[in-house]
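Subject: The structure and what was found in it

Dear colleague,

I am handing over the structure to you here, and I would be glad if you read the notes below it with the structure open.

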Amino acid sequence: MAIEVRNVSKAFGDFQALDDVSVVVPDGSLTALLGPSGGGKSTLLRVIAGLESADAGEVFFDGTSVSGVAPQHRDVGFVFQHYAAFKHMTVRDNVAFGLKIRKKPKAEIAERVEELLRLVHLDGFASRYPAQLSGGQRQRMALARALAVEPKVLLLDEPFGALDAKVRKELRDWLRRLHDEVPVTTVFVTHDQEEALEVAEQIVVINEGRIEQAGSPEELYEDPATPFVMGFVGPVAKLGEVYVRPHDIDLELEPVDGGYEAQIEHVARVGFEARVEAHLADGAPVSVLVTRHQAAEQELEPGQIIWLRPHRVHEFAVA
């Protein structure tokens with residue numbers, strides 16, 4: 001099901017959460033709403049779900065307006081950050097809950113629940129209670145429960161936000177594979193740039209209630225529309241009037257044409273890479289990424305004078 005948000009605004013008192021927002025989510029896509037805390041992404045998700053009503057504008061599902069349609073009649077599955085599990089119910093009963101409410105036949109419920117538990121790799125945990133599961137397992141149970149009623153739209157609000165980094169990485173890889181198997185139109189909220197870049201087919205960057213840019217992860221990273229987008233979807237440095245990625249800077253030990261003189265403050269070696277933190281002659285900070293081999297070969301160390309030459313830059317029109 002395709003989703004279109006058209007000229008939606010939403011305020012809470014004096015706070016403008018959404019300001020004339022328009023965005024299209026293609027049918028069957030996996031779209032991330034990415035932005036800083038308070039930027040409006042969760043409010044937009046709740047407006048799509050019908051959990052918040054817009055002050056202006058409309059939401060369309062497959063070209064039909066759903067503004068004014070109650071959440072339970074929108075064919076939407078919603079997964080919150082903190083699972084919202086029924087603690088007194090087993091995993092099996094949690095997943096079956098929506099089907100029982102809809103008074104589906106017992107045999108159909110049992111078959112559907114068994115299928116979903118296999119899909120989310122919890123088929124050996126059906127008789128356990130939520131407290132007996134890990135955080136990642138509880139989140140997979142929540143996703144299975146949302147999918148049980150076969151929603152046309154799946155909405156996830158910071159689904160992995162309460163989990164540690166290792167489990168987050170495992171679950172976002174799993175979500176990507178799950179979406180390939182069950183290609184329901186999915187929108188998820190995150191403030192984690194890496195999560196959005198790895199998982200989503202489309203990223204919508206939201207800041208201060210407005211859409212900064214929408215596009216594929218590659219488009220946003222390689223061709224950002226604004227300095228905010230460039231800085232939010234990846235590391236960035238400013239050299240003079242241009243913006244540049246740390247890995248798009250050549251680091252030299254001697255003066256070079258088009259180079260900027262800088263002094264190293266710190267060298268951090270992380271895995272294959274070394275991150276060189278330096279400051280320019282005007283005191284502005286800048287980061288450069290080089291290989292560990294290059295850092296060792298050039299004997300980079302704090303206090304050293306270096307020259308930085310960007311080989312790919314981004315320029316933005318002054319607003």
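In this predicted model, helix α4 passes helix α5 in a right-handed crossing, a crossing being right-handed if the near helix is turned clockwise from the far one by less than a right angle, and left-handed if anticlockwise. Helices (H or I, at least four residues) and strands (E, at least two) are DSSP runs, numbered from the N terminus. The contact, meaning heavy atoms within 4.5 Å, is made by Gly136, Gln139, Arg140, Leu143 and Leu147 of α4 with Val167, Leu171, Trp174 and Leu178 of α5. These residues divide into six nonpolar, two polar and one charged, where Ala, Val, Leu, Ile, Met, Phe, Trp, Tyr, Cys and Pro count as nonpolar, Asp, Glu, Lys and Arg as charged, and the others, Gly among them, as polar.

Two packed helices are described by the angle between their axes and the distance between the axes. For α4 (residues 135-148) and α5 (residues 165-181) the angle is about 25° and the axes are 10 Å apart; axes are lines fitted to C-alpha atoms, for helices over the stretch in contact, and angles run from 0 to 180 degrees between N-to-C directions. The two helices are therefore roughly parallel to each other, since angles under 35 degrees count as roughly parallel, over 145 as roughly antiparallel, 65 to 115 as roughly perpendicular and the rest as oblique.

How do α2 and α3 pack? Their angle is about 130°, with the axes 10 Å apart, and α2 and α3 are therefore oblique to each other. On the α2 side the contact includes Val91, Val95 and Leu99, and on the α3 side it includes Ile109, Val113 and Leu116. The residues of this contact divide into eight nonpolar, no polar and three charged.

On a 1 Å grid over the protein atoms alone, a pocket is an open set of points with protein on both sides within 12 Å along at least five of seven lines, a cavity is a set where a 1.4 Å probe fits but cannot get out, and lining residues have an atom within 4 Å of a point. Grid points are joined across faces, edges and corners, and a volume is the space filled by probe spheres set on the points. The largest share of the pocket lining, four residues, comes from β6.

The largest cavity has about 40 Å³ of space, and Leu147 and Leu178 are among the residues that line it.

Residues are numbered from 1 along each chain as its sequence is written. Local features need pLDDT of at least 70 and side-chain atom pairs count only at pLDDT 80 or more, while totals for chains, interfaces and linings use all residues, and side-chain values use heavy atoms, with hydrogens and water left out.

With best wishes
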